[in-house]
Amino acid sequence: MDIDQARTEARRLFMAGVAAADPYQAVITELERRAVQPSLIIAIGKAARRMAEAALSVHPGVQTIVVTNYENAEALDGATILPAGHPVPDAKGEYAAHTVIEALEHVSDEQEVLVLVSGGGSALLPAPVAGVTLAEKAEVNRLLLASGADIGQMNLIRQQISRLKGGGLVRLASPAKVTALILSDVIGDDLSVIASGPTVPPISNPLGARKLLESFDLWERVPESVRRYLETAPDPDPVPVAVNQLIGSNGKSVEAMLEAAGGNAVRISTPIEGDVEDAARYVCDQAERGITLWGGETTVKLRGNGKGGRNQEMALWIALEAQRRGWSGNWVCLQAGTDGRDGPTDAAGALVDGGTLTRIQMSGQDIHSLLRCNDSYEALWHAGDLLITGPTGTNVADLGVLFRFDP
């Protein structure tokens, strides 16, 4: 196998993982086995449009509201499509949240709500608590994204300053019955974390959110209105019980990649999390000759104002780690997000190899300077190693493939 063949094969394995998280088929399969008779369908997240399409094929004519990111906001017969900002909440997301809240408030006691949840729903559906503006809530989100906090920590805080998160959606629908089908983008599949858990009890309480902000040295930096709310808000009443069903996950996608490799691969059993530089070292520790596969979701500490995302940056750290370890040039690594978008870029991630760093250097760029500015997109563009798939319509966190082979 040569480099070009390995690059093609790495992309094929990645797309097999993406296909395993097809939200349309997952929703169809679940609705065929579950007795649900909804009068309202609410779909939120990056996979919302495809999930809603599946639900409407089973329950045509039911009022359906879809809140998704701009890239996936294709028209759908029978549904109201509400595009919104991600990863930073925007005014259209706030409008979408108000639309959802109004629809929930008009559901009668004997009716049922079908909620379709996928990753990204937290940012896409911002409904700040009283006294906190959208701009102030967005500032909290921006600070969290730059802090290195993982998705669970970010969602713990988001839940406490939102009307819909942390079971808020179920409270608004009560006493109507709520059934939620959930596509997980969270490692470990904690339902309270996915899209900030609109249909499950919150992770913590206002005091817990304050302590977490303090641990990241963010308490004095968040808006005063947020501090005031978290200092004075009482613990909310218990969340009414909803039916919550997981229908897809990162782990299932890694299993699909392993199957697509015909068993000729090794899976890293531990999800890849934490800082991208540390994660890159760990992957290289695990990778021996042949194919190594993994899933996970890393974090990046922002040090500069460059353009990129966690997958692009991790791929470059793997290239640097391979160079440091003296690997021959006979390796290829793909690291990408299953939603087709890594950070605020048009790339899903990166497809790098033993020649990546040389190509960056030959273009006149310095990889270390670019990484100090978090400018991974620029580095990979010069190398010709950006992985661009376009929106996939799903979202189950990130996948990785590493080939090490003899010439």
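Pro 23, Tyr 24, Val 27, Ile 28 and Leu 31 are the residues that helix H2 brings to its contact with helix H3. In this predicted model, H3 answers with Arg 50, Met 51, Glu 53, Ala 54, Ala 55, Ser 57 and Val 58.

**How H2 and H3 pack**

- Two packed helices are described by the angle between their axes and the distance between the axes.
- For H2 (residues 23-33) and H3 (residues 48-58), the angle is about 35° and the axes are 8 Å apart.
- The crossing of H2 past H3 is right-handed.

**The cavity**

- The structure holds one cavity of 30 Å³ or more, and the largest cavity has about 60 Å³ of space.
- Its lining is made up of Pro 89, Ser 122, Ala 123, Lys 137, Val 140, Asn 141, Arg 158 and Ile 161.
- Helices H5 (121-124) and H6 (134-147) each supply at least two residues of this lining, and H6 gives the most, with three.
- By class, the cavity lining has four nonpolar, two polar and two charged residues.

**The second largest pocket**

- About 330 Å³ of space lies in the second largest pocket.
- Of the 16 residues lining this pocket, Ser 162, Arg 163, Arg 171, Tyr 229 and Pro 236 are the closest to its centre.
- Helix H7 (151-160) and helix H8 (168-173) each supply at least two lining residues; H8 gives the most, with three.
- The pocket lining counts eight nonpolar, five polar and three charged residues.

**Ala 84, in a strand**

- Ala 84 is found in strand S3 (residues 79-84).
- Ala 84 counts as buried because its relative accessibility is 0%, below the 20% cut-off.
- Leaving aside neighbours within four places in sequence, Ala 84 is in contact with Val 67, Thr 68, Asn 69, Tyr 70, Asp 90, Lys 92, Gly 93 and Leu 124.
- Ala 96 lies twelve residues from Ala 84 in sequence, and the two C-alpha atoms are 7.5 Å apart in space.

**Backbone details in the loops**

- Most residues other than glycine have a negative phi, and most peptide bonds are trans.
- The peptide bond from His 86 to Pro 87 is cis, with omega near 10°. Pro 87 sits in the loop between S3 and helix H4 (91-105).
- A cis peptide bond also joins Ser 174 to Pro 175, again with omega near 10°. Here the proline, Pro 175, is found in the loop between H8 and strand S5 (177-183).
- Ala 195 has a positive phi, near 55°, although this residue is not a glycine. Ala 195 lies in the loop between S5 and helix H9 (206-215).
- Ser 196 has a positive phi as well, near 65°, and is likewise a residue other than glycine. The loop between S5 and H9 is also the place of Ser 196.

Methods:
Residues are numbered from 1 along each chain as its sequence is written. This is a predicted model: local features need pLDDT of at least 70, side-chain atom pairs count only at pLDDT 80 or more; totals for chains, interfaces and linings use all residues. Side-chain values use heavy atoms; hydrogens and water are left out. Axes are lines fitted to C-alpha atoms, for helices over the stretch in contact, and angles run from 0 to 180 degrees between N-to-C directions. Helices (H or I, at least four residues) and strands (E, at least two) are DSSP runs, numbered from the N terminus. A crossing is left-handed if the near helix is turned anticlockwise from the far one by less than a right angle, and right-handed if clockwise. Contact means heavy atoms within 4.5 Å. On a 1 Å grid over the protein atoms alone, a cavity is a set of points where a 1.4 Å probe fits but cannot get out, and a pocket is an open set with protein on both sides within 12 Å along at least five of seven lines; lining residues have an atom within 4 Å of a point. Grid points are joined across faces, edges and corners, and a volume is the space filled by probe spheres set on the points. Ala, Val, Leu, Ile, Met, Phe, Trp, Tyr, Cys and Pro count as nonpolar, Asp, Glu, Lys and Arg as charged, and the others, Gly among them, as polar. Buried means under 20% relative accessible area, exposed over 50%, partly exposed in between (1.4 Å probe, protein chains only).
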